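Here are my notes on this one, point by point. Have the coordinates open as you go.

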Amino acid sequence: MRLINRKPDRPTGILLAALPFVLVAIAYAIGSDIRLEANPQDKLLPAPAAIWDTAVRLFTQGDRRTGDILLWKDTWASLTRLLGGVGIAAAISLSLGMLIGLLPYARRMLSGFVAVISMVPPLALLPILFIVFGLGELSKVVLIVIGITPIMTRDLAQRVLDIPHEQIVKAQTLGASSGVIALRVALPQILPRLISNVRLSLGSAWLFLIAAEAVASDVGLGYRIFLVRRYLAMDVILTYVIWITLLAFVIDWALKTLSRKAFPWMEAGL
Amino acid sequence: MSFVSVTDVWQSYGDRSILERVNVAVDEGEFISIVGASGCGKSTFLRMLLAEETPARGEIRIDGGPPAVEPNRERGVVFQRYSVFPHMTVRDNILAGEGFATRWGRLHGAARRAGLDRTNAMLARIGLNHVADQYPASLSGGMQQRLAIGQAMAAKPRVLLLDEPFGALDPGTRIAMHSFLMELKAETNMTVFMVTHDLEEGFKLGDRVLVFDKPRWDPHDPGAYGATITYDFDARNGGIPFQHLKEAEDVS
C-alpha cells in the first residue's frame with residue numbers, strides 16, 4: 001500500500017500527536033541533565049523540576065515588596081493590550097474591508113493606499129509611536145493595530161469581492177438597498193472570515209506586543225521576560241514562554257469554537 | 001402596447017460587437033425561451049433585461065415604464081448557481097423576498113407575522129416546508145433551484161428571468177423541475193424569459209422560442225458583427241402551428 005493511502009487509527013493518531021512533545025521534553029531533560037552534571041550552578045538549562053518549582057512560585061507567591069503576584073499582573077496588562085489592539089484592528093479592518101469590497105468609489109480611493117500601508121514594516125514605526133504616543137499603553141496598542149490592520153483589511157476586502165456577483169444581483173432584484181446588501185448579505189458572510197483572520201493575526205499581534213513591551217514598559221509578559229534576562233533566570237523565562245504559548249493556544253481554540261457555534265451555515269454543506 | 005418591449009438594442013464590449021438590432025415585443029404571461037450557440041449574446045441579452053447592463057443603443061421597457069439603470073423589484077432572477085443566500089435558512093431566504101425591500105432588510109411585528117404566513121404558504125407550494133430550518137448548502141441541487149425560484153416569486157416581480165436555471169441538474173431532477181415550473185406558470189401567469197442550452201427544454205417550456213445567432217460573419221474578424229434574433233418560433237401546441245381557429249381566438 002502506498003504511504004499516501006495509509007492512515008493511522010485513533011490510538012496511533014493520539015500517540016503520534018503526542019510524540020513530538022514528548023521528544024522535545026526528553027531532549028531538554030537530557031541536555032539539562034548533562035549540563036547540571038558538569039556544573040550544578042548552571043543556569044542555562046534548569047532541571048524540569050526546578051522550572052516547575054519556579055512556576056508554582058510565580059503563580060502563587062506575591063512580590064516581596066508589594067505583595068502582588070507579578071505573573072497575574074503581567075498577564076492582565078498584556079492581555080488587555082493584546083485584545084484591545086486586536087479588537088480595534090478587527091473593527092477597523094471590517095469596516096474598511098466592507099467599504100472597499102462593496103463600493104467602487106471606496107475601492108478606487110482606498111485599495112492602493114491600504115496596499116502601500118501594508119508594506120510598511122510596523123516595528124520600524126515603533127520609535128515614532130513612542131515619540132508620538134508616549135511610553136504608556138497607547139503606543140503598544142497602536143503598534144498592534146498598525147501591524148495587523150492593513151493585511152486584515154486587504155483580505156476582508158477580497159473576501160467581500162469573492163461573494164458571488166449573482167448574490168448581489170439577486171439581492172437587488174429583491175429590492176435591497178446598498179445598506180441592506182452590506183448588512184444582510186455581505187456582513188454575515190464576512191464575519192466567519194473575520195474570525196479566522198483574527199486567529200491568523202494573533203501570532204503577529206503577540207510579536208508586536210512583546211517587542212513593544214521589551215523596549216519600554218513597566219509591566220507585562222514581554223517586559224518581564226526581558227527584565228529577568230539580565231539575571232539569566234532561564235526558569236522564569238521558560239515559565240513565561242510556556243504560559244504565553246498556553247494563552248495563545250486557548251485564545252485560538254476559543255475563537256475556533258466561537259466560529260463553529262456562531263456560523264452553523266458554514267458547515268451545513270459538509 | 002406589448003408588456004416587455006425591446007427596441008433596436010445594440011451592445012458591444014470595446015471593439016467586440018455582441019448584439020445588434022434586437023427587436024422583440026412580448027405580451028404579459030408569455031414564456032420566452034432563448035436559445036443559441038455559446039457566445040451568441042443570450043446571457044448578455046438576459047443581463048440587459050435584468051438591467052445589470054444598459055444597452056449601448058436602444059432601450060428595454062417593461063409595461064411602458066422608463067428604462068431601468070439597475071436591477072430592481074420588477075425583475076426577478078434565478079441563476080444557474082449562487083442564487084440563494086447560504087447564510088440564511090430556507091425560510092429566511094424566502095422571507096428575504098419581502099424583507100430586503102425595507103429600510104433595515106428585516107420585517108418586524110405584524111408585518112413579519114403576515115410575511116411568515118405567506119412564506120410558509122410559499123414553502124408548501126415549492127415543497128420545501130420539511131427543510132424550512134435547514135441551510136441551503138444541505139439541500140440538493142434541485143431543491144436549491146426550487147428555493148431560488150420561490151425566493152424570486154416571493155418578491156412578486158413583473159418579469160421572471162431564468163439564466164440556465166436547470167443547467168447544473170441531473171436529467172431526472174431536470175424533468176421534475178420542468179413540471180414544477182409549468183405548474184407555477186399556470187398558477188401565476190408570470191412573464192418569463194429563460195436562457196437555456198437545451199433546445200428540447202426550450203421548446204417544451206416556452207410559448208415562444210427566440211434563437212440568437214450572427215446573421216453576418218466576417219471570417220477574418222469574428223468579433224466584428226453581433227448576434228441578433230434570427231428565428232422567433234411559436235412553440236405552443238408542441239411547435240405545430242395553426243392548431244387554433246383564428247375565428248375562435250377572436251371570439252374568446
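1. Which strands does helix 1 (residues 42–49) of chain B lie across? Helix 1 of chain B lies across strand 3 (31–36), strand 5, strand 6, strand 7 (191–195) and strand 8 (208–213) of chain B, at about 150° to strand 7 of chain B. Angles run from 0 to 180 degrees between N-to-C directions, with axes fitted to C-alpha atoms, for helices over the stretch in contact; contact is C-beta atoms, placed from the backbone, within 7 Å. Helices (H or I, at least four residues) and strands (E, at least two) are DSSP runs, numbered from the N terminus.

2. Keep in mind that this is a predicted model, where local features need pLDDT of at least 70 and side-chain atom pairs count only at pLDDT 80 or more, while totals for chains, interfaces and linings use all residues. Residues are numbered from 1 along each chain as its sequence is written, and chains are lettered from A and ligands numbered from 1 in the order written.

3. The open sheet in chain B has 6 strands in the order 5-6-7-3-8-9, with mixed pairing (a pair needs at least two DSSP bridges). Its edge strands are strand 5 (75–78) and strand 9 (228–234) of chain B.

4. Helix 4 (residues 141–154) of chain B lies across both strands, at about 175° to strand 5 of chain B.

5. Now the interface: 20 residues come from chain A and 27 residues from chain B. On the chain A side, helix 7 (165–173) and helix 8 (178–215) of chain A each give two or more residues, and helix 7 of chain A gives the most, with 7 residues.

Conventions
Contact = placed C-beta atoms within 7 Å.
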